[in-house]
Amino acid sequence: MIKKEMIAMLLAGGQGSRLGVLTSKLAKPAVAFGGKYKIIDFPLSNCINSGVDTVGVLTQYRPLRLNQHIGIGMPWDLDRAFGGVQVLPPYERADNAEWYSGTANAIYQNLEYMEYYDPDYVLILSGDHIYKMDYEVMLDFHKSSKADVTIATYQVPIEEASRFGVVIADEQGVISEFEEKPEHPRSNKASMGIYIFNWKVLRQALIDMKDVPNCDFGKHIIPALHENGSKCCAYDFKGYWKDVGTLGSYWEANMELIDIIPEFNLYEEFWRIYTKSDNLPPQYLAPGSTVKKSIIGEGTEVYGNVENSVIGSNVYIGKDAVIKNSIIMNNAVIKDGAVMDKAILAEGVEVGKNVELGVGEYADSEYSSKVYAFDLVTVGEKSVIPDDVKVGKNTAILGVTTKEEYPDGLLASGKAIIKEAGE
Amino acid sequence: MRAIGIILAGGNSQRMGDLSAKRAVAAMPMAGCYRAIDFALSSMSNSHIQKVAVFTQYNSRSLNEHLNSSKWWDFGRKQGGLYIFTPTITATNSYWYKGTADSLYQNIDFLKNAHEPYVVIASGDGVYKLDYNKVLEDHIAKNADITIVTKDIKPGEDDISRFGVVKVGDKGRVLDFEEKPLVAETNTASIGVYVVRRRQLIELLETCAAEGRTDFVKDILIRYKNVKKINAYKLETYWRNIGSVESYYRTNMDFLNPEVRNFFFHQQPGVYTKVEDLPPAKYNSDAVAVNSLIASGSIINGTVENSVLFKKVYVGNNTVIKNSIIMNDVHIGDNCYIENCIVESRDTIKANTTHTGEAGKPKIVIEKNFRYTL
């Protein structure tokens with residue numbers, strides 16, 4: 001055994017409700033990204049590549065898929081004799097039982113886990129961003145600036161800064177002020193939700209503020225620490241970082257991967273992204289198929305035409321099917337002649353023969369205008385779309401649907417069929 | 001499972017030409033992302049054989065690298081495991097493995113210390129799926145001393161005189177066995193998979209060694225064919241040996257056939273291999289790829305037709321690849337033309353290069369040029 005200098009706590013309990021039907025059955029960190037990956041693979045791979053080999057993953061919303069994915073952590077080399085990955089769900093105590101009610105509350109409820117390792121530093125991560133980051137470099141910055149807490153920040157366009165928690169810092173990175181979603185931001189340094197704490201400082205703060213309802217790092221812990229004189233610093237992160245919190249940004253981030261030299265390059269040898277790969281065969285492209293500007297996962301068989309798309313593993317694309325500007329996750333089946341433009345199909349979706357997805361003109365969503373505000377057809381996990389129907393833009397489908405549910409064989413733009421919402 | 005597994009992967013094959021300069025036949029890359037030995041290892045794992053030893057000797061670095069962990073085939077259990085046995089110098093022996101029987105004899109302690117009553121011996125250069133339990137059941141039902149698995153080779157599939165040729169009588173009894181005959185009497189080949197009772201094998205090996213004999217086929221199977229009851233189990237499903245350049249090329253090309261792909265890739269149980277965590281394959285805007293197998297980590301800019309591309313292959317702009325096998329980590333520059341070739345792994349082919357082989361007689365391309373890497 002060797003003492004851990006820094007351990008990571010990865011917050012993976014959120015639903016990510018703005019991803020609509022994509023997260024109807026699984027937590028956002030378990031949503032597929034870039035063909036074969038899941039969103040949580042990025043922070044987990046960053047951890048092992050940065051030399052952080054002890055990671056607690058806090059789960060709450062729909063954890064089954066996440067648990068299956070993480071297992072004992074073998075894909076990320078996090079199956080360790082001491083340390084490694086550990087899934088931490090909420091639990092019952094002798095006197096009460098409560099869910100994780102906020103980011104800091106969730107960490108507080110796992111004080112015991114951190115005390116067991118008694119590290120020098122604790123790294124707090126969230127499981128819903130796409131980026132490559134060396135946490136060790138951030139730790140070096142944290143140490144050299146003698147901070148109590150370091151917040152990773154990302155420079156966003158000033159007009160977008162009002163969507164984020166913003167920090168105002170001097171040239172050395174010492175933070176003088178925080179603004180949570182300010183109307184008139186005075187800085188464009190947005191907090192990425194990544195923190196390094198001195199363990200003793202974090203422990204004391206969590207205990208002191210344990211009774212704050214929905215205790216949150218950005219809203220409660222860090223402002224309180226700043227107020228009582230702890231040194232807070234901002235670590236300016238310069239690489240690629242993408243929040244994939246909405247369907248629009250999720251689609252865009254996927255599409256960026258197919259650029260000739262994408263800004264976020266998965267093909268670099270020295271910072272590999274690991275994922276749980278089933279032992280799958282190579283992909284097969286049949287005579288008569290065309291594939292352009294796309295990435296395609298293992299085991300996929302293409303008989304149709306694919307352009308500008310991200311295709312996962314073990315997908316079947318039938319003859320004369322036309323896939324454009326779409327994201328298709330693992331194990332989906334697209335039957336002969338199906339045509340789609342700007343569709344997101346979750347894992348195991350089945351699209352019938354000659355189906356057309358993404359027809360007609362854009363219309364505002366009648367189902368949930370907050371979530372569905374893009375040109376996209378979004379189809380939830382294991383949904384079935386029957387043969388010969390048409391589906392408009394800005395639509396959502398969840399569940400095994402039949403022809404009768406498509407009036408005149410058409411689901412008009414802005415509409416949705418949600419069959420398992422309440423169960 | 002009541003058997004331990006042994007995979008004989010020590011051999012070299014003259015017929016592999018320059019391809020075997022780099023690795024043992026059992027380590028030859030197969031079907032885009034596998035190596036030849038994966039088929040025997042996966043069949044052992046799927047037959048619930050828990051203790052498997054791989055005997056290596058010739059050029060075994062690639063093979064040892066591939067077998068760096070037993071977890072890929074699910075052998076890393078508390079009971080059993082995956083063992084790699086290379087020849088070692090001992091107080092009584094300082095020779096390499098002098099033959100297949102000698103390699104078994106040099107590791108006789110492994111056989112003696114096992115408690116499983118049977119031994120399954122397989123070669124590392126066959127491409128097939130087989131439930132060894134079925135062979136064992138047949139072995140027990142027929143009350144055999146040794147069971148050998150056979151396959152009827154159809155004309156055009158392979159050259160029968162490369163194999164041990166078997167004449168099978170009533171109820172599967174082996175009447176005659178000829179190793180690599182000039183003129184084969186039948187079209188039934190031994191595929192190099194044997195089932196034998198462990199104590200029987202130990203006894204045979206000890207006698208064999210005492211007489212200074214070293215070859216399993218010649219000195220045990222053929223020598224004892226009238227004394228011991230040798231039983232043939234006929235394999236009806238796909239089997240190919242990849243021990244010659246032509247058969248290696250043909251077997252890889254077989255995977256472009258939907259029936260073969262379906263048998264190996266989609267029917268349970270699966271074939272397993274070392275997972276390498278490569279990103280998905282990428283097709284840029286002028287890419288054309290038809291009737292081809294393409295493994296992950298590849299980037300395609302040009303045209304690929306009727307070919308098998310292994311992992312991490314880069315195909316440059318305006319490059320055309322036809323009827324070829326491109327092994328792992330090959331970089332092919334712009335404006336190249338490659339037809340009927342087998343391109344050796346880690347090659348770097350400069351822009352504007354042409355390589356063409358003859359149909360059915362592929363050209364082996366080995367080009368170790370400098371490659372700029374980050």
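Modeller: Two strands count as paired if DSSP finds at least two bridges between them. Keep in mind that this is a predicted model.

Colleague: In which sense do strand 14 of chain A and strand 16 of chain B pair, and over how many bridges?

Modeller: The sense is antiparallel, and three bridges join strand 14 of chain A, residues 283-285, to strand 16 of chain B. One residue pair to look up is A:Leu285, whose bridge partner in strand 16 of chain B is B:Ser292.

Colleague: How many residues of each chain are in contact?

Modeller: Chain B contributes 39 residues and chain A contributes 40. The two chains bury about 3,100 Å² between them, with 52% of that area on carbon and sulfur atoms.

Colleague: How many salt bridges are there between chain B and chain A?

Modeller: For a salt bridge, look for a side-chain nitrogen of Lys or Arg within 4 Å of a carboxyl oxygen of Asp or Glu. The count between chain B and chain A is two. B:Arg261 forms a salt bridge with A:Glu301, and their closest N and O atoms are 2.9 Å apart.

Colleague: Which elements give two or more residues to the side of chain B that touches chain A?

Modeller: They are helix 9 (258-266), strand 14 (281-283), strand 15 (288-290) and strand 16 (292-294) of chain B. By class, that side of chain B has 22 nonpolar, ten polar and seven charged residues. As for polar contacts across the interface, the rule finds 20 residue pairs, both residues being at pLDDT 80 or more.

Colleague: Now the backbone. Is the peptide bond from B:Gln268 to B:Pro269 cis or trans?

Modeller: Most residues other than glycine have a negative phi, and most peptide bonds are trans. The bond from B:Gln268 to B:Pro269 is cis, with omega near -10 degrees. B:Pro269 sits in the loop between helix 9 and strand 14 of chain B.

Colleague: What is phi of B:Asp277, and is B:Asp277 buried or exposed?

Modeller: Phi of B:Asp277 is near 55 degrees, a positive value in a residue other than glycine. B:Asp277 is also found in the loop between helix 9 and strand 14 of chain B. The cut-off for buried is under 20% relative accessible area. B:Asp277 has 13%, so this residue is buried.

Colleague: And what is phi of A:Asp77?

Modeller: For A:Asp77 phi is near 65 degrees, again positive in a residue other than glycine. A:Asp77 lies in the loop between helix 2 (64-70) and strand 5 (84-88) of chain A. Its relative accessible area is 42%, so A:Asp77 is partly exposed.

Methods
Residues numbered from 1 in each chain as written. Chains lettered and ligands numbered in written order. Predicted model: local features only at pLDDT ≥ 70, side-chain atom pairs only at ≥ 80, totals over all residues. Heavy atoms only, no water. Contact = heavy atoms within 4.5 Å. Buried area = accessible area lost by both parts, 1.4 Å probe. Polar contact = N/O pair within 3.5 Å; in protein donor to acceptor, adjacent residues only side chain to side chain. Helix = DSSP H or I, 4+ residues; strand = E, 2+ residues; numbered from the N terminus. Nonpolar A, V, L, I, M, F, W, Y, C, P; charged D, E, K, R; others polar. Buried < 20%, exposed > 50% of the residue type's maximum accessible area, 1.4 Å probe, protein only.
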